[in-house]
Structures are given as structure tokens and as C-alpha cells.
Amino acid sequence: MSRTVALRAIAHARAGDKGNRSNVAVFAFDPAHYDTLRDQLTAERLKREFGALLAGPVVRYELPSLHGLNFVMDDALEGGVNESLNLDGHGKSWSSLVLGLDITLPPEVG
Amino acid sequence: MSLPRDFRIGCGAGFSSDRLDPAVDLARRGHLDALVFECVGERTLAFGHRDLRADPARGYNPLLERRMRAILPLTFPRGTQVITNMGVANPRAAAERTVEVARELGLGGLVVAALLGDDVSEALGPETPLREGMTIGEVGRPFIGANAYLGADEILPALETGADIVITGRVADPSLFVAPLRRHFGWSADDWAHLGPATAVGHLLECAAQVTGGYFADPGYKHVDGLAYVGFPFAEVGADGGACITKLDGTGGRVDERTVKEQLLYEVHDPSRYLTPDVTADFSTVSVAAAGDDRVRVGGAGGAPRPERLKATVAFDGGWLAEAGISYAGEGARERATLAGDIVLERMRRVHGVNAPLRVDHVGVHSLHANAKREVGHPRRERDGRSLHAGDALVTERGRTLDSARSLREGDTPATERGSTPGSARSPHTGNSGDHPGDHSGDPRDVRLRCAMRASSRDEAELLLWEVEALLCCGPSAGGGYRGAVTPSVVTYSASIDRTMVSPRVEVFRA
């Protein structure tokens, strides 16, 4: 049986900012989950789920040796820390946003 | 010939307002060759320029004196070289102040070297193109100043004066670490195979506690002990550029593979091309391995030739940020906060005719991520027609709708598109908790209305504070806890400049 879990249960993440560009790096706690993350946590999915906030293109870099994925999101900070009216102008909490997504674990690693 | 011994380098500050006691602990117990304080960001640099204009003796980090007073009596007798960008917009004044502090402390003979020349304000003009696509002149805001990111090449001559303290303005953060490593190991400016790994070490250390358990804890998922006393990091760097990242015994926090991996990609875009003035570093090949309690071994970063041009930060006057809030609690808190927000929007637009970008949040219900969710299957028009409340509101900046819809009540259009026409009035709706996608707040018992506006003048900014405060008597029932603040704002963009446009030079001062 496959089962659905919050990404937060199987991965950790950190957000950073440069100007109006945000990056969120996501790492599997267990290397066995890396392939599942790579399959389900795509740039297209982030854009689809959060496109109203992540206004520009989303690019994903794969880091198999670190079991991580780095998402780089242009025009994603409402102008950036010096222009945004968001309480979190740095987008520090964008990692929590991503960690709220669901992941379906296949039976073999579930 | 035997290899040089390992170099011990620590980080005593990861940003301008970082804690001091962990740095003092490192200076006292770390047996360090070098201690770096990284204290400059895009915002702090612009504020440094502003301070400098107001007073030629200022423009450096406001905590400089306090930090120097605490650490110099420890680092000077131990021979630990201190390297910092606390000079911000005025490294010379920072060096002079440091010398004064050293004299007051009786540290005669202490030498301070200031690295000048990162300020390129005079070299840029209205025609200078920005990476954002326009020229400086086209930004349409008053120019404050511009600084190039200098690198290890420019820091190295300051270190070679033998100074006890090196104070810079804008330099690339990892270069603060790469420069002393180059000096110790004798790496040349084009020794990419060593500058890559050294840059990885600098990048891991530059945010201080962010590699030792800070910015990491998530109760129930990621446990960190002792964050109230989190230790700052240091690295034992070997001749191949590989290093052990660790912290002092008895300090709080943790160093493990997870904290190191998170920090390795912090503010990194393409991990295989991390650009600094020193090198094009490749972090995609880095190995991260536990090597004992709170010890992690890192190595394997690659290095390729450095970028030809330098990056510069260009700062402009961003007007004023007005923020004001009031709280509602108990039954119906959300409905009352919604009503209050509607009143503020209505009065700012219609009574005062202010069309500056204005955002209204319900803190405790939906704020930071209020505009993140796209409602799949609900076209914009349909959504706009449903019950809407100001709580998730955001209007526009520079002509673009930042929030897709929730902010804009029926009939509203974004301020910059709407010109001076206020949105149509709309009676307050019945707050429908949970009707926003991703909103799991249910019926909150405590909601803070937060209004934020970017204003072109202080007077305009203060209007927002006035309107929110007036809710105390003229707004919904039982609103309390009004607070408001107006802060000057800066806007920064970046430019790519020729290396010949900077003229780095070192000045030496003695206590």
C-alpha cells in the first residue's frame, strides 16, 4: 500500500534570498526517499501549487550525492526584502510553504 | 617539505545584529588563527550610506565598538587575526574608532588595516545598466550609493600588513575566509582547485549559527538543544582545502550532516556555479560526512576560473514603509479584523485618496503565505466574485499585481493600474473562516490586523498609522494593542562592473 505523508515528515528544507529571487533547498532525511522526492517534487508542481506567489520561472537543480533538490524561483519575493510588503520580506518561511506539500510514498519504501 | 599545519578559522557574526557572547567564547577558547565577523547585507549597506551622509564619522556597523571592546582583549594577546566587513560604508572611520577602543583598553601596538575602494558610487552614472534590465537613471528613485563586491585578492594585501584587525566595506562574504586561507597555505589567485573548497568552507561559516543548529530547529521533526546558548562555528582547514566544521564543547546547538547540507545551499542558485570574485565554485560535488560529535567533514568542492566582472549593489531611496496593527480576540475576532481592514482600505483610498501599495494581513489566520495558493479550477473572475475579505490583501508594486486576487475586493483594481479612482465600496461580508485555500486556521481566537504601505513621503506613511489607531474608537468592537511604525526604506539592485572600476587600497592605523 502506498501512503501519503507531509513532505515535512520525510524531508527538511531551508530558504534563502538574493534580491527578488528565492531558493529553497529540500533534503530527504532518508536517502531511500530521494527518488520519490525527485519524481514528485518537481519545478512544475511548485509553480502549479504556489504560482500566485512564485511569479517567475522555477528551476530545479538535483543533488543526488546530498539527496537534495534546490529550487530557484525568480520574481518570488514580491520585489525582494527591500520592496516587499510581506511580513516575511526575505521569504524565510518559503521552506515551510514547500514542506506543507503532500508526498505519496510507494509501498517499497513506505 | 612538510605541509602547512591546519588553519583554525571561526565565525563570530553571521549578520549585522548577530549575538556577541558566542563570538567571545570562540575568541577565548577556540585557539583560532583567525576570527571573521560577517556583518553586511544589501539593506545594512544602504543604511550605512545613509548614516555616512548624515555624519562623515559614521556609516560603519553600529555594534562595532561593542564587539571590539569585548573581543580585542582576547584576540590581541592570543595572536588571532580578526577580519570583518564591519566597515560597511566607511571602513576608515571604523578603523579609527577601533584604534581608539584599543587605546582605551590599553592595547598599545595593536594594528588595524582598513581596505578601501569598494565604493563605486562616483564611477557609475545614469546610463549604467542594471541586471534587472533598466539603467540607473530609469529607476526613478534617488540614487544612494553603489559598492562592488571585492574579493580575496583585495583583502590579502591588508592581511599581509600583519594587522591584528582587518576592516573592509563590501566584500563577498566567503572571501573574508578565503583570504586568510590563501595567505596561510600560499595558494595563488588562480589556484582554482583550492579556492573552490576554501569558498565552500567560507560559505558554510559565513552565517555563523546557521551551520551549528540555528535556523534549523523544528520541534517534533528536527531537535536542537540549547539554542539560547548556541555555539558559533569554526573550521579546521587542511592543505587540500577540505575541512572539519565544528563548534566549542559545552555550547548549544548541533553540527551534523543535515545542518551542514542546509547551509551549503543557503542562498545558492546553480550549485555547480557558485560565483564569487575569487572563483567559480562547484558545490554539487561536495561530500558531507559525520566525523564525531558535532563534527562534520566537508570536501570535494570544485573550482573553475573566476568571473571576469564584479558584482555591485546599487542602492536607491525607497521612500517610507508604514506598518500599523491592532488586535481582536475572542468570539468573532476574525470577522471584526476583517471589518477593520475594510475600513482602513476604504478610508485610505476614498477619504485620503492614497493609492500607494497597501497590504492588509490577518496575522494568526493568514499572512506570510496569504497569496501563495493558486486556486486550480477557479478562474480569477469567479474567485473575485465570491465572498472576499481584506484579510488576505495585497495591492501592487510597480504596476504588477502581486497578489492574484484575494486582496482585491469586487470592483477594485490594483492601485497603480487604477490611478486615482478608488475601488467601489463593499459592505463587510461575514467572515467565512477556512474559505481560503490552504487556510486551516478554523475559528481563530486571536487575530492581529496588520496594515503595511510603501509611501513616498513620511506624511503619507503617517496617515496609515493614524487611520489604524483611529480604529480604537471608530472601528469594530474591542480592538486593542495598537502599534505603528514608520521606517525609511531603501531599494537595491545590482550591476555588473569591470574590475578596473575599483581601486582598492589599504590604510594602516596603530593604537
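B:V506 is partly exposed, with a relative accessible area of 28%, where partly exposed lies between buried (under 20% relative accessible area) and exposed (over 50%), computed with a 1.4 Å probe on protein chains only. This is a predicted model, in which local features need pLDDT of at least 70 and side-chain atom pairs count only at pLDDT 80 or more, while totals for chains, interfaces and linings use all residues. Residues are numbered from 1 along each chain as its sequence is written, chains are lettered from A and ligands numbered from 1 in the order in which they are written, and side-chain values use heavy atoms, with hydrogens and water left out.

B:V506 belongs to strand 21 (residues 505–510) of chain B; helices (H or I, at least four residues) and strands (E, at least two) are DSSP runs, numbered from the N terminus. Leaving aside neighbours within four places in sequence, B:V506 is in contact (heavy atoms within 4.5 Å) with B:A113, B:A114, B:L115, B:P157, B:A158 and B:T161. The C-alpha atoms of B:V506 and B:L156 are separated by 10.0 Å, although these residues stand 350 residues apart along the chain.

Chain B as a whole has twelve helices and 21 strands, and 58% of its 511 residues count as buried. Of the contacts in chain B with a separation of 6 or more, 76% are between residues 24 or more positions apart.

Not counting residues up to four places away in sequence, B:I497 touches B:V120, B:L124, B:A148, B:R309, B:L310, B:A312 and B:V502.

After helix 1 of chain B comes B:H31, whose phi is positive, near 50°.

| Helix pair in chain B | Axes come within | Crossing angle |
|---|---|---|
| helix 3 (residues 64–78) and helix 4 (residues 91–104) | 10 Å | roughly 40° |
| helix 6 (residues 175–185) and helix 7 | 8 Å | roughly 135° |

Angles under 35 degrees count as roughly parallel, over 145 as roughly antiparallel, 65 to 115 as roughly perpendicular and the rest as oblique; helix 3 and helix 4 of chain B are therefore oblique to each other, and helix 6 and helix 7 of chain B are likewise oblique.

In the pair of helix 3 and helix 4 of chain B, B:L64, B:E65, B:M68, B:R69 and B:L72 of helix 3 meet B:A94, B:R97, B:T98, B:V101, B:A102 and B:E104 of helix 4. By class, this contact has six nonpolar, one polar and four charged residues, with Ala, Val, Leu, Ile, Met, Phe, Trp, Tyr, Cys and Pro counted as nonpolar, Asp, Glu, Lys and Arg as charged, and the others, Gly among them, as polar.

In the pair of helix 6 and helix 7 of chain B, B:F177, B:V178, B:L181 and B:R182 of helix 6 meet B:L195, B:A198, B:T199, B:G202 and B:L205 of helix 7, a contact with six nonpolar, two polar and one charged residues.

Key:
Axes fitted to C-alpha atoms, helices over the stretch in contact; angles between N-to-C directions.
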